[in-house]
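Here is a friendly note to read with the model open beside you. Take the points one at a time, and find each residue on screen as you go.

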Amino acid sequence: MRNLLAAAVLFVAVIQLSAKDLSLKSPDGTLSAVLNTTDRVSLEIFREGNPLFSVGDIFLKTADGSIPAEGARPVSVKRIQVDNIIEPLVKENRARIADKYNEAEFSFSDKTKIIVRLYDDGVAYRIVSDRDGELVIYDEPVRFNFNPASSFISQQIGYNSYEAPYIETTVAEVVEGVTCNLPALVKLPSGENVVFLESDTESYPVMWLRKEGEGFSTHFWKYPRTYNTEGDYYDRMGVTSYEDFIAKTSARREFPWRAFAITADDASLIGNDLVYKLAPECRIENPSWIEPGWVTFDWWARRGLYGVDFKAGINTPTAKFMVDFASDYGLRYFLLDDGWTKDDDLTQYIDGLDIPEVVRYAGSKGVDVMLWVPFSLLDAQMDKALATFEKWGVKGIKIDFMDRDDQLITDFYWRAARKAAEHKMVIDFHGAYRPDGLRRAYPNVLTREALIEFEYNGWTDFDTPRHHCLLPFLRCVAGPADYIPGTTNNATKEQFRNNGATPMGQGTRTHAMAMAVVVQSPMQMLSDPQTDYIREHECSSFLVNIPVEWDETVPLDCKLGEYVSVARKNGSAWYVSAITNWDSREMKISLSFLDKGKRYRMEYFRDGINADTEAIDYVHDFKAVDADTVIDASLVSGGGWLARIVEL
């Protein structure tokens, strides 16, 4: 990964400050921010001169007093103009990220700073402390004030699984004291979208929102004091009591970025890179070994295999069959999920399963092996376990059941990423909080959960097509999401039933396949038994050849919660997808992103004529197209449309 300097970086020190010196504009002049220090430090954010929202009481409450101190005034400001190009190692949305912003660094007399940064599509600020010793932080009691008539969409939950449906209300209707997970979206009466985010949360608790009065304040889980040490490894290491402070950290540090993606329309949120741009640069010296890719795994698959000559389960024959499938379909990884460990020892595997033999066999087939591990066991056995995994030849781990976001658990994420990189292993975090920039510092962290994903079809009705039409504008703005797309077990709204062993997906076959383009992730997982995908070869062979990295992302026609269409490019091929909620609709998909004057061949899948009653019904066809082509896509309730376009 490289940062390419495309324009000079300018520093201007200002000694005598005036009111004008406390304002800042985005590079295109659309967004502006004004720093106010009349009492506590606050920020007001404007778009084209119109107020959007304000951030008040920007300070840290510490054992050494407030930072910055109450009534503090900035004594100098440094202004920076940056126009960079970032070339990410893992191309989540694009091969080249424009990192263009204006920044003001306000220095206070108490050895603290507040940095404000404005992009054309967002704003961020952070507190910086330049003191000696350790700092005990009791709170960061910031307030966020919006027009109370604004729409507000978030996970409004009081626990830390990060897996709950999005609730849509107005700001005024959010119940006092309710805690809300990030990302959270505010749609102002004027139509602008503001998405709450954060980045670079190393050695600090993750931020939530709490409804307070007409706006929101921050909420942080406090520093752990004692843990649950009994029971199984799913619940072990849950916090049973807390200290009275939220963080214990170095007094000389930069604190997390508090960030807001801001767009005038819904479509522009797709492909937003704000969290990534604010994150620390890559800390892996030579990351060339990192391999994104598709994954097949045994969690649901072993429960639904048929037509095989072995008893399916957590055993060597089952694993080898799944490796064969991965090899035949060109998948990068096979994952052994929960159940392989013996007696809570990550260096031992159960009888009937020979992991070194599975890894050897997979290697002979060009497939890498990943292992599922629970947080509590990995935290206690990390060095020994990772060394053993490397000896076996394992190339990745899926870490699960953190279900916390205090400072010590964020320390675990960063430590696990660093240690896994030392053993050249990629990571998928489950039971995890949303992306916070860790993946830029450690690009071996390919994806994470932190959403209602496909598995919830096993016991709820939460994973609906409407939910799918919210993800690109909320969860995916923070970063890659392990949604698990592409089920072949498709159901209409009327057909859908819960089945924990082999879940069915809500929506049509084409909708399920299109999710692999709608929801970006450098590691995509297949949900179904491998025999289902073999039976549905026509769909499966197309699905698993959808790239997991993208050179370019172009949002098309979108409306929050209703429909999504997006085009993404990998190499010379374009992939275009569209999905709808439970409303059927006619969509026009313009191919104007193609090069003018060139002819293309489009391979596409659309809902079949009976997909409204049999969700598995689809049509697979081909068509000649060019940049002037406008597709008339007919999507049934919960339907979809998907295409691959290559130059003739």
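**Notes on the model**

1. Helices here are DSSP runs of H or I with at least four residues, strands are runs of E with at least two, and both are numbered from the N terminus. Please keep in mind that this is a predicted model, in which local features need pLDDT of at least 70 and side-chain atom pairs count only at pLDDT 80 or more, while totals for chains, interfaces and linings use all residues. Residues are numbered from 1 along each chain as its sequence is written, and side-chain values use heavy atoms, with hydrogens and water left out.

2. Now for the numbers on that pair. Helix 3 (residues 316-329) and helix 4 (residues 355-364) pack at an angle of about 20°, and their axes are 10 Å apart. The axes are lines fitted to C-alpha atoms, for helices over the stretch in contact, and angles run from 0 to 180 degrees between N-to-C directions.

3. Which residues of helix 3 meet helix 4? Thr316, Ala319, Lys320, Val323 and Asp324 are the ones, and they face Glu357, Val358, Tyr361 and Ala362 in helix 4. Contact means heavy atoms within 4.5 Å. By class, this contact has 5 nonpolar, 1 polar and 3 charged residues. Here Ala, Val, Leu, Ile, Met, Phe, Trp, Tyr, Cys and Pro count as nonpolar, Asp, Glu, Lys and Arg as charged, and the others, Gly among them, as polar.

4. A second pair is worth a look. Helix 5 (residues 375-392) packs with helix 6 at an angle of about 30°, with 11 Å between their axes. Helix 5 and helix 6 are therefore roughly parallel to each other, and their crossing is left-handed. On the helix 5 side, the residues that meet helix 6 include Phe375, Leu378 and Met382; on the helix 6 side, Ile409, Phe412 and Arg415 are among them. The contact of helix 5 with helix 6 has 8 nonpolar, no polar and 4 charged residues.

5. Next, look inside. The largest nonpolar core has 139 residues, and Phe389 and Ile399 have the most contacts inside it. Such a core is a set of buried Ala, Val, Leu, Ile, Met, Phe, Trp, Tyr and Cys residues joined through side-chain atoms within 4.5 Å. Buried means under 20% relative accessible area, exposed over 50%, and partly exposed in between (1.4 Å probe, protein chains only). Leaving aside neighbours within four places in sequence, Phe389 is in contact with Trp340, Leu346, Leu371, Val373, Val394, Ile397 and Met425. A second, separate core of 51 residues includes Ala33, Leu135, Leu209 and Ile246.

6. Is Ser577 buried or exposed? Ser577, in strand 37 (residues 573-580), is buried, with a relative accessible area of 0%. Beyond residues up to four places away in sequence, Ser577 touches Ala514, Val517, Val518, Val564, Ser565, Val566, Trp641 and Leu642. Helix 10 (residues 509-518) is mostly covered, since 10 of its 10 residues are buried.

7. Please check a few backbone details too. Most residues other than glycine have a negative phi, and most peptide bonds are trans. A cis peptide bond joins Ile67 and Pro68, with omega about -10°, and Pro68 sits in the loop between strand 8 (65-67) and strand 9 (74-87). Another cis bond joins Leu182 and Pro183, with omega about 0°; Pro183 lies in strand 16 (residues 179-187). Ser203 has a positive phi near 55° and is found in the loop between strand 17 (193-199) and strand 18 (208-212). Ser203 is partly exposed, at 22% relative accessible area.

8. Finally, visit Glu212 in strand 18. Glu212 is partly exposed, with a relative accessible area of 34%. Glu212 and Val178 are 34 residues apart in sequence and 8.5 Å apart in space, C-alpha to C-alpha.

Technical notes: Angles under 35 degrees count as roughly parallel, over 145 as roughly antiparallel, 65 to 115 as roughly perpendicular and the rest as oblique. A crossing is left-handed if the near helix is turned anticlockwise from the far one by less than a right angle, and right-handed if clockwise.
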